[in-house]
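Subject: Structure handover

Hello,

Here is the structure I promised to pass on. Please open it alongside this email; my notes follow below.

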Amino acid sequence: MLAALLSACVLLQSCAVGTRPSTQKWVASWGQAMTSQYVHAAGSDGKLVMDAYGQPLERVPTVDHLTLRQSVNLSAGGERVRIRLSNYYGREPLTVSAARIALGAGHAGDLSAIDPGSDRPMSFDGGKTSITIAPGSEAVSDPVELRVPPLSNVVVSLYFDGPAQLADFHPLERAHTTYAVDGDAMQRASLAQLPPAKALPTTRDDHIYLLAGVEVEAPAGTRGIVAFGDSITDGYLASAPTASWPAVLARVAQRNGDATAVVNAGISADELTVDQIGAPDAGTSGLKRFLRDVVDRPGVTDVVVLFGANDINRGIDAAGYPDGATTGDLVASMRMLADVAHQHHLRIYAGTVTPFAGFPGWYTPRREAVRLQFNQWIRSSATFDGVVDFADAVAGTYAPPPLVAKQSPLPVGMAAVCAGDAGLHPNDRGYAVMGTLAYDVLFHAELQPPQGCH
């Protein structure tokens, strides 16, 4: 009788053991959106170099026999990790000869330092030490056993034993996160004392190359949140990678016991509605990259969208000129994002466009009218699962430029105490306000930031 029951279980796959739901899932614990490094080549006279067909020649950084080590900060923790590498913008196959991952050693001045006891080799495709990534593709490593605590720092090292074009990168970093040295230095405890590689002299700028995500195996109930937007989401003018509003959201969630992973998919200078022709490092439009940078992230459950300022300033107007997007174009684009998110069973939260009247050259009555109309639609349309009213949270007393000062009533501006510049991008205080507000909306809480903006 027992044999018959066991046989039935095998045939029907209906026994309790076979149908017990998994208690773990893969979720993106860190990630950044990639942009293209292809640029037009210029000669010593500053003129474009043309190819045999009379078209501008393009160039991209090419490395050979080089170790690339990059330090990133996770949100959620787990017992197993894997990495995601991108050759999405590449035009040739990209071979990564070897990869390793380790916990950071915790040296504030040396983010290349690793904890040697945690250093693990990584493999691909079921055990291969190297991977060749086709143009327009990504590759995910095999899982590796490594306990990574929430909010921990991990270091990923890549080695290129032959020529490799690094077409994909993320331009903005808020610390010296990237080290590139000649030769195989994969297992060195630190790269800080080695001379930088000649092929990547700009790594001190800093950029993240090829590394699109670090994913952890986390409890199935973990919320996977993607922050999707432009420079204000990317964290421009934040003092550290941990000071952007998505990073604050991740930190507040972990400290309040919420199983949460947060990915920052912001790109500085990006627009929602259109690409910026001739500016590949500004990324493709939010509409184009939504599937790749949000929907296709493993474990994602929620997305917070904050776009509009760049579109209002220089997007395509009704006549087809780059004089600023219309309210209708912004609304139509956000409706598309909401439809796609809901089709994939994601919750989508819309952030209101923060004020920019204090920033010289941005304010005009028409642009401000578009911002106010768009924000009012966000607040009242019931299109989204929630609204994060960033605009109201960071508004306050500011010093208006001369032309703005003549307006009556005075337009709303970003509070000077929360601005990192003249009134377009927040500082750490402003980002803390935004991250705390995002947490309150997504988790139905009523926390207060250490300091407000009003």
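An open sheet is built from 3 strands, in the order 2-16-18, with antiparallel pairing. This is a predicted model, so please read everything below as computed from it. Strand 2 (35–36) and strand 18 (208–209) are the edge strands. Each of these edge strands pairs on one side only. Strand 16 covers residues 168–170 and is joined to strand 18 by 2 bridges. In one of the pairings, Phe-169 has Tyr-209 in strand 18 as its bridge partner.

Next, Asn-264. This residue is in strand 21, residues 260–266. Is Asn-264 buried or exposed? Its relative accessible area is 10%, under the 20% cut-off, so Asn-264 counts as buried. Its side chain has polar atoms close to two backbone atoms: the oxygen of Thr-233 lies 2.8 Å away, and the nitrogen of Gly-266 lies 2.9 Å away. Leaving aside residues up to four places away in sequence, Asn-264 touches several others, including Gly-31, Gln-32, Ala-33 and Ser-244. Thr-233 is also among the residues that Asn-264 touches.

Now the aromatic rings. There are 10 aromatic pairs. Phe-228 and Phe-290 make one of them, with ring centres 5.4 Å apart and planes at 65°. Over 60° counts as edge-to-face, so this pair is edge-to-face. It links distant parts of the chain: Phe-228 is in strand 20 (residues 223–229), Phe-290 is in helix 5 (residues 286–295), and they are 62 residues apart.

A second pair is Trp-245 with Phe-390. How is this pair arranged? It is tilted, at 5.1 Å centre to centre with 50° between the planes. This pair also links distant parts of the chain, 145 residues apart. Trp-245 sits in helix 4 (residues 245–255), and Phe-390 sits in helix 9 (residues 390–394). Trp-245 is buried at 0% relative accessibility. Phe-390 is buried too, at 0%.

Phe-228 and Phe-290 come up again with Phe-307: the three form one aromatic cluster.

Last, two arginines over rings. The charged end of Arg-91 sits over the ring of Tyr-38, 3.9 Å from the ring centre. Arg-223 lies over the face of Phe-443, at 4.6 Å from the ring centre.

Best wishes

Notes: Residues numbered from 1 in each chain as written. Predicted model: local features only at pLDDT ≥ 70, side-chain atom pairs only at ≥ 80, totals over all residues. Heavy atoms only, no water. Pairing = 2+ DSSP bridges. Helix = DSSP H or I, 4+ residues; strand = E, 2+ residues; numbered from the N terminus. Buried < 20%, exposed > 50% of the residue type's maximum accessible area, 1.4 Å probe, protein only. Polar contact = N/O pair within 3.5 Å; in protein donor to acceptor, adjacent residues only side chain to side chain. Contact = heavy atoms within 4.5 Å. Phe/Tyr/Trp six-rings, centres within 6.5 Å; stacked < 30°, edge-to-face > 60°. Lys NZ or Arg CZ within 6 Å of the ring centre and 35° of its normal.
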